[in-house]
Amino acid sequence: MEFVELIKTPKLDGVLLHDHLHATVEGTLCITGHHLLLSARQESSQELWLMHKNIDGVEKKPFVVQNVLMGGIITLKCKDLRIISLEIKYAKEYLNVAASLEALSSLHNPELEYPFFYRPMYTILEDGYTMFRPELEFAKLVGNSSNIGTCNVPANSIATANGYDSSVGCEWRIAHINKDFKLCPTYGAALIVPKCITDEQIIQSATFRDGGRFPVLCYRHENGAALLRSAQPISTQSMKRCRADEAILNVVLGRSKKGFIVDTWGKGKSNTETDQHYSQWKKVNRSIGNISSPAAILDCFAKMIEACNDTACTSDKWLSRLDSSQWLSLVLNSLNAACVVAQCLDQEGSPVLVHGAMGLDSTLIVTSLVQIILNPDCRTVRGIQALIEREWIQAGHPFASRHQYSCYTLPQNRPKNCGATFLLFLDCIHQLYKQFPCSFEFNIQLLILLFEHSYFSQYGTFLCDSERDRHELRVHTRTTSLWSYLNRPDVLKNLLNPLYEPNPNFSGNFLLYLRIEKQENGVMPNKIIKGYKSF
């Protein structure tokens, strides 16, 4: 298919641009394969550069005079939450532009998307696709506990034919059993697993977990406590237990007398491990909300945005609508669950396995927030990029499916696999930033950029649903990485927080803050926080 087939009116003069943030502008409208452009060709006037993929909804309001169509207004509701109107005076052009925008904003072939056509006009200083290679990140991840005498992984460690570097003298290894993505289509090719667990045991564990997502290491705390994530067990009569899966968790226990399995999807909504076969693991339910699918998270976000766009409602009514949207409850519950897991790791020194349904949504929110809380490196510019790369992109969060539509598309027109999980994660970081503005190296602008580029971008970082899909489309060689752009000195300087001061006590301050909130409002975790300094 050629783009020219979809562009019926490539250029049109005399179009009025209505934007509630700016004065009305009359200019020339141009439609290309990936962008909508409008310019008055005057130095001080507003210009519009809109990527078609940013368009979430196209609404038409025709002008009819005596049963004759006389043009109309096309309202574009965008995934970055802007609402833009184009007033077109002629009927044919009005219909042509509307049809073109509807078609170009809903292309389903990923190879027709802008990242495959974009060529940067600047010199790439760092290749973002190799900046956070799994081997380097996992080496740094496992090596952060050298103070307890278990690991000391060199940054240049290389995987061997056995799946790990023989010089790595610790209890973890890098497994390449999923290098062809056949064992688990949503996991990456390189995964970190217990060193004494064989590939055969991993295969057996994968058959026991939904989607083949067996337990893998995602963070190791400074005291040696491990944070793992997986999917829930499969509920079948023929497979009520899996000894290989039990072996993985028993190995992770190490010297700990107990571990915690945290279910983020909700009691009764997902399967969990049996007490009989996982006797040393305590089950903890920390649902992020009363949701049954990722689409429910997007529904909450849509209700909140609808309330924000209603400028006619009173303050009391707006607050009521905000509360009924349940978006802030999702934020609260996500931070609540992350706090519980952080306490288990930091205070109890116990390993934690986090799962919920397939482990593609709420699980990733919690494991990522735990690392934001406990790991100072994740609160830096490069650290948050590395976290998103390993906990979201390489971990198989289906960005293409989740972000195909956003809050302006009607629920009945959205597939059930659409969601706003990553946006919820970014909002949680935003809440932490507001409470502790000096503890983050980056500013809010970085969070906004991550939000926008995850929905529409000239870069290939957030393309596709999994590493397997990106590998098949050769994304790493055919597109440019967002990280290459963000880490350019001229861009990076605008993303830095001038108030930043590294805070090694952030986790203690945060947990104490939640304790105070619990005492005052009765809405936070009820575990008593001891031994932390006041802030």
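Strand E12 (residues 259-263) joins strand E14 through 4 bridges, and the two run parallel. Helices (H or I, at least four residues) and strands (E, at least two) are DSSP runs, numbered from the N terminus. This is a predicted model: local features need pLDDT of at least 70, side-chain atom pairs count only at pLDDT 80 or more, and totals for chains, interfaces and linings use all residues. Residues are numbered from 1 along each chain as its sequence is written, and side-chain values use heavy atoms, with hydrogens and water left out.

Asp263 has His355 in E14 as its bridge partner. Strand E11 (residues 226-230) also runs parallel to E14, joined by 4 bridges. There, Leu228 is the bridge partner of Leu353 in E14. E14 (residues 352-355) is covered on both faces. Val352 and Val354 lie on one side, Leu353 and His355 on the other, and all are buried (under 20% relative accessible area; exposed is over 50%, partly exposed in between; 1.4 Å probe, protein chains only).

Now the open sheet. Its 7 strands follow the order E4-E3-E2-E1-E7-E6-E5, with antiparallel pairing; two strands pair if DSSP finds at least two bridges between them. Strand E4 (48-51) and strand E5 (55-65) stand at the edges with a single partner strand each, so one side of each has no neighbour in the sheet. From one strand to the next, the twist averages 30°. E5 and strand E6 (residues 68-78) run antiparallel, joined by 9 bridges. Glu59 has Thr75 in E6 as its bridge partner. Helix H1 (residues 91-104) packs on the sheet, touching strands including E1 (11-19), E2 (22-31) and E7 (83-88). The direction of H1 makes about 25° with that of E6. Axes are lines fitted to C-alpha atoms, for helices over the stretch in contact, and angles run from 0 to 180 degrees between N-to-C directions.

Next, the helices. H8 and H12 pack at about 75°, with axes 10 Å apart. That makes H8 roughly perpendicular (65 to 115 degrees) to H12. Trp327, Leu330, Val331, Ser334 and Leu335 in H8 meet H12 residues, among them Leu423, Leu424 and Asp427. Contact means heavy atoms within 4.5 Å.

Helix H6 (residues 294-309) has 16 residues. At 1.5 Å a residue they should span 22 Å, and the end C-alpha atoms are 23 Å apart, which agrees. The expected span is 1.5 Å times one less than the number of residues. Among the buried residues of H6 are Ile297, Leu298, Phe301 and Met304. Their cover includes helix H7 (315-325), helix H8 (327-346), helix H11 (399-402) and helix H12 (421-435).

Definitions and conventions
Parallel < 35°, antiparallel > 145°, perpendicular 65-115°, else oblique.
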